[in-house]
Amino acid sequence: MLECMPIGVADIMCESVGTLSTFTDLANVDALPYIYSGYDHFMKVWESDLGDEMKEVIGDETNFKLLGNMYRGARIVTATKEMTTPEDMKGFKLRAPNLDVYLKTWQYIGAAPMPLAMSEVYTALQQHTVEGQENPMSDSYNYAFQEVCKYWIKTNHVYSANVFIMDRDYFNSLPEDIQAAAIEASEYASDQMNSLMLDREAETEQKLIDSGCTVLEVDTQEFIDYYADFVDTYYPELSDWANRIKAMDPNLEGAAEQEETVQDDAAEGTA
């Protein structure tokens, strides 16, 4: 579809930024593991100047116009066995998207990723060809993986952004008022989708529990520490963006403010 858009097969589509990695390696920033601490961090980045900059630079490289910023849901692992630590993932056979960054993510932790079409995953889980797969929770539920995976592990390893994608030449050919309307509509749709996705995640988790599945929390910081050198090792060209994203973590800002308060209190006490 993306390849055909410049010749007018479609005027606009909605997909993840990472889908554009077949056109530019810069789009892999969308799928880097553990560069966000959570939803608030993700939204803070994509609603900032940095988010606009990433969309613009990736758009320049691909000749697409990227509009909006929609939360797809954190990617988690669904599995036929219980796992909660990086060590548990060693040798784990899972279906992963056939994109370089996803495959390297799981190879890095010692798992055995297998690229399969989504239409083949349910059967592969039934036949124990793979032991699990990873996707946003609501997507996984829509594929009925709760029937073949009883453990849903909230690794939250990737926070990916969906955007509206248009051929840039086509977008630029539109009258300015239509361009402005498209931008406004994409922002409105993004706000609606982000709210709906949060509600959907909570509803899906309750449905999983009600159906007898086990939803497991993990020590996310343990995974973040494990992947600390991942970007520099495999994608050094993305290190600057990854570091800028991490620097916008509201948890880090809160910790810095708390430390500053402690130092001020200590200074006042000394005085």
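These are my notebook entries on a few features looked up in a predicted model.

**Ground rules.** I number residues from 1 along each chain as its sequence is written, and I leave out hydrogens and water, since side-chain values use heavy atoms. In this predicted model I take local features only at pLDDT of at least 70 and side-chain atom pairs only at pLDDT 80 or more, while totals for chains, interfaces and linings use all residues.

**Helix 7.** I took helices (H or I, at least four residues) and strands (E, at least two) as DSSP runs, numbered from the N terminus. Helix 7 covers residues 176-210, 35 residues in all. I read 51 Å from its first C-alpha to its last, close to the expected 51 Å; the expected span is 1.5 Å times one less than the number of residues. I then looked up burial, where buried means under 20% relative accessible area, exposed over 50%, and partly exposed in between (1.4 Å probe, protein chains only). The buried residues of helix 7 include Gln179, Ser186, Asn194, Met197 and Leu208. After the helix comes Gly212, with a positive phi near 100°.

I noted Tyr34, with phi near 55°, in the loop between strand 1 and helix 1 (39-46). Tyr34 counts as buried because its relative accessibility is 5%. I also noted Asn63, not a glycine, with a positive phi of about 65°. Asn63 sits in the loop between helix 2 (49-62) and strand 2 (64-71) and is partly exposed, at 31% relative accessible area.

**Surface patches.** I used residues with over 30% relative accessible area and no salt bridge, joining like charges within 9 Å and nonpolar side chains (Val, Leu, Ile, Met, Phe, Trp, Tyr) within 5 Å. A salt bridge is a side-chain nitrogen of Lys or Arg within 4 Å of a carboxyl oxygen of Asp or Glu. Areas are Shrake-Rupley values with a 1.4 Å probe, and for residues only the protein chains shown count as cover.

Met1, Ile7 and Val9 make a nonpolar surface patch of about 350 Å². Met1 lies in the segment before strand 1 (13-16) and is exposed, at 53%.

I found a patch of negative charge on the surface formed by Glu82, Glu87, Asp88, Asp219, Glu222 and Asp225. Glu87 belongs to the loop between strand 3 (75-79) and strand 4 (93-96), and it counts as exposed because its relative accessibility is 57%. Glu222 is in helix 8 (residues 220-226) and counts as partly exposed at 35%. I also checked Glu222 against Pro86: they are 136 residues apart in sequence and 7.7 Å apart in space, C-alpha to C-alpha.

Definitions and conventions: Lys and Arg count as positive and Asp and Glu as negative; His and the chain ends are not counted. The place of a charge is taken as NZ of Lys, CZ of Arg, CG of Asp or CD of Glu.
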